[in-house]
Amino acid sequence: MFLRTKFWNDRLSVLRRRQLPTKHKIHKTITTPKHQKQSITKYIDMASSSPSAVVLSLLVALTLISSVVSSNTLARNQTLRSDEKLQELKRIRALLKKINKPAVKTIQSPDGDVIDCVPSHLQPAFDHPQLKGQQPLDPPERPRGHGIIAPVNENFQLWAESGESCPEGTVPIRRTSEEDVLRARSIEKFGRKLARSVRRDSTGSGHEHAVVFVNGDQYYGAKASINVWTPQVTNENEFSLSQIWVISGSFGNDLNTIEAGWQVSPALYGDKYPRFFTYWTTDAYQTTGCYNLLCSGFVQTNTKIAIGAAISPVSSYDGRQYDITVMVWKDPKHGHWWLELGSGLLVGYWPEFLFSHLRDHANMIQFGGEIVNTRSMGYHTTTQMGSGQFANEGFRKAAYFRNLQMVDWDNSLIPLSNHHVLADHPSCYDISEGRNNLWGDYFYYGGPGRNVRCP
């Protein structure tokens, strides 16, 4: 306070010595609105012979000038942001127009989803240059082998509980909304996984796994029954899934994968329901591939299954258990990779030309669970894998995969051989395998995430 008083006393002494006239009008061209310019002039004109009044006038004028500049800058920034939002909205609507095809019928699902019945030849896959003008293929030759019969209930999805169905010649497609796209990190990332979504020897990418896998040979498909639960997912940027991976290539940028199973993904779907899903990529999740039917790739042939729709009913702790049987295999005649639910319910196929390494065969098959751990609170996530219970809890408590099989070069389903078991964070999520006459090769897996042993 002393220094400030001394400064102003010195300034006043200087001004008195200059013997300023009674009124001083400072002329400065300032680009301002008319009423603000008049206000500035008024305050400067009010200066009297008192030096302190001159100083006060200068301070007021400078404050007003600063306010004008700030308001102009704010207005420009708001205009820029409005333009950016308008451009983003235009891009989102263009994407939605590309994804959401004209429907001949629309079905409202109890969970809020809208299911469009789209003519088969208009589905997104046929936007691909190599598929334009084509029709879905006839059913392929199924693998030989006497696995456990596992019929699937065609009404295992929530949207079908209304009794409504899509007419012949159409496929049911979950409609994508603006909100779905806005939840993504960017429009370009919408419908895509982040890189490093396959287990690899070096971890630390935030993806954690509990899996059984085979590698070191040539594989032409895989099959398993996957127990369905509703694991808790901590935040929108995390997910929990249980799936089969069919993999080829290295773990570099040439990685090819085909994936199918169920997942809970708030970012992708806007809720926490377990949903049947598919995925594919040919460059390690960088620019190719997508979930479900969110890009041109997977060709759906089924009129009763909506990929990306919620599964119902689901398993409960110490209660009734539900699973879905998933098989992916390479058609020996045309080379396409087909997807089947249960024993005989064909969903569709991935054309062989989508891939590089998988055009021939897979060199790794993987079964199990995966979560994303963002450590958003500074410690390990509480996002659950499977049922949220550790493997030693066993049946009706821990999640399971049963009847694990692979397809060999002769298009035959065979048991696993020389397989490996891995949980890369066993204090958070673990796995325990077994074999019996009813379930063949099986395993329990999962966990709660953060706990006393998983800080």
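The strands involved are S6, residues 240–248, and S7, residues 256–264, and they run antiparallel with 9 bridges between them. When I say strand, I mean a DSSP run of E with at least two residues, while a helix is a run of H or I with at least four, and both are numbered from the N terminus. Two strands count as paired if DSSP finds at least two bridges between them. As a reminder, strands of a sheet pair through backbone hydrogen bonds, either parallel or antiparallel.

Before going on, a word about what we are looking at. This is a predicted model, in which local features need pLDDT of at least 70 and side-chain atom pairs count only at pLDDT 80 or more, while totals for chains, interfaces and linings use all residues. Residues are numbered from 1 along each chain as its sequence is written, and side-chain values use heavy atoms, with hydrogens and water left out.

Now the overall picture. The protein chain has 5 helices and 19 strands. Of its 455 residues, 49% are buried, where buried means under 20% relative accessible area, exposed means over 50%, and partly exposed is in between, using a 1.4 Å probe and protein chains only. If we take contacts between residues at least 6 apart in sequence, 72% join residues at least 24 apart; a contact here means heavy atoms within 4.5 Å.

Back to S6 and S7. Which strands make up the open sheet of 7 strands? The order is S9-S8-S7-S6-S14-S4-S17, and the pairing is antiparallel. At the edges sit S9, residues 290–291, and S17, each of which pairs on one side only.

Let's turn to S2 and S3, which pair in the antiparallel sense over 5 bridges. Pro-119, for example, has Thr-170 in S3 as its bridge partner. Why do we call S3 largely enclosed by the rest of the structure? Because 5 of its 5 residues are buried. Thr-170, Pro-172 and Arg-174 point one way from S3, Val-171 and Ile-173 point the other way, and all of them are buried.

Next, the disulfides, which I know some of you were waiting for. A disulfide is a covalent bond between the sulfur atoms of two cysteines. The rule used here is a pair of cysteine sulfur atoms within 2.5 Å, and by this rule the count is 3. Counting bonded cysteines along the chain, the pattern is 1-2, 3-4, 5-6.

One of them joins Cys-117 to Cys-166, with an S to S distance of 2.0 Å. This link is left-handed, with -80° about the S-S bond. The pair connects distant parts of the chain, 49 residues apart: Cys-117 is in S2, residues 114–119, and Cys-166 is in the loop between S2 and S3, residues 170–174. Both cysteines, Cys-117 and Cys-166, are buried.

Another is formed by Cys-290 and Cys-295, whose sulfur atoms are 2.1 Å apart. The torsion about the S-S bond of Cys-290 and Cys-295 is about -80°, so this disulfide is left-handed too. Cys-290 counts as buried because its relative accessibility is 2%.

Then there is Cys-428 with Cys-454, sulfur atoms 2.0 Å apart. Left-handed or right-handed? The link of Cys-428 and Cys-454 is right-handed, with 90° about the S-S bond. Cys-428 lies in the loop between S17 (420–423) and S18 (430–436), and Cys-454 in the segment after S19 (440–446), so the pair ties together parts that are 26 residues apart in sequence. Cys-454 is buried, with a relative accessible area of 2%. Leaving out residues up to four places away in sequence, Cys-454 touches His-380, Ser-427, Cys-428 and Gly-449. From Cys-454 to Ser-427 the C-alpha to C-alpha distance is 5.4 Å, although they are 27 residues apart in sequence.

My last stop is Asp-430, found in strand S18. Asp-430 is buried yet has no salt bridge, meaning a side-chain nitrogen of Lys or Arg within 4 Å of a carboxyl oxygen of Asp or Glu. The nearest side chain of opposite charge is Arg-453, 5.6 Å away; Lys and Arg count as positive, Asp and Glu as negative, and His and the chain ends are not counted. What lies 2.9 Å from a polar atom of the Asp-430 side chain? That is the backbone nitrogen of Ala-391. Beyond four places in sequence, the residues touched by Asp-430 include Ala-210, Phe-390, Tyr-444 and Gly-446.

Conventions
Polar contact = N/O pair within 3.5 Å; in protein donor to acceptor, adjacent residues only side chain to side chain.
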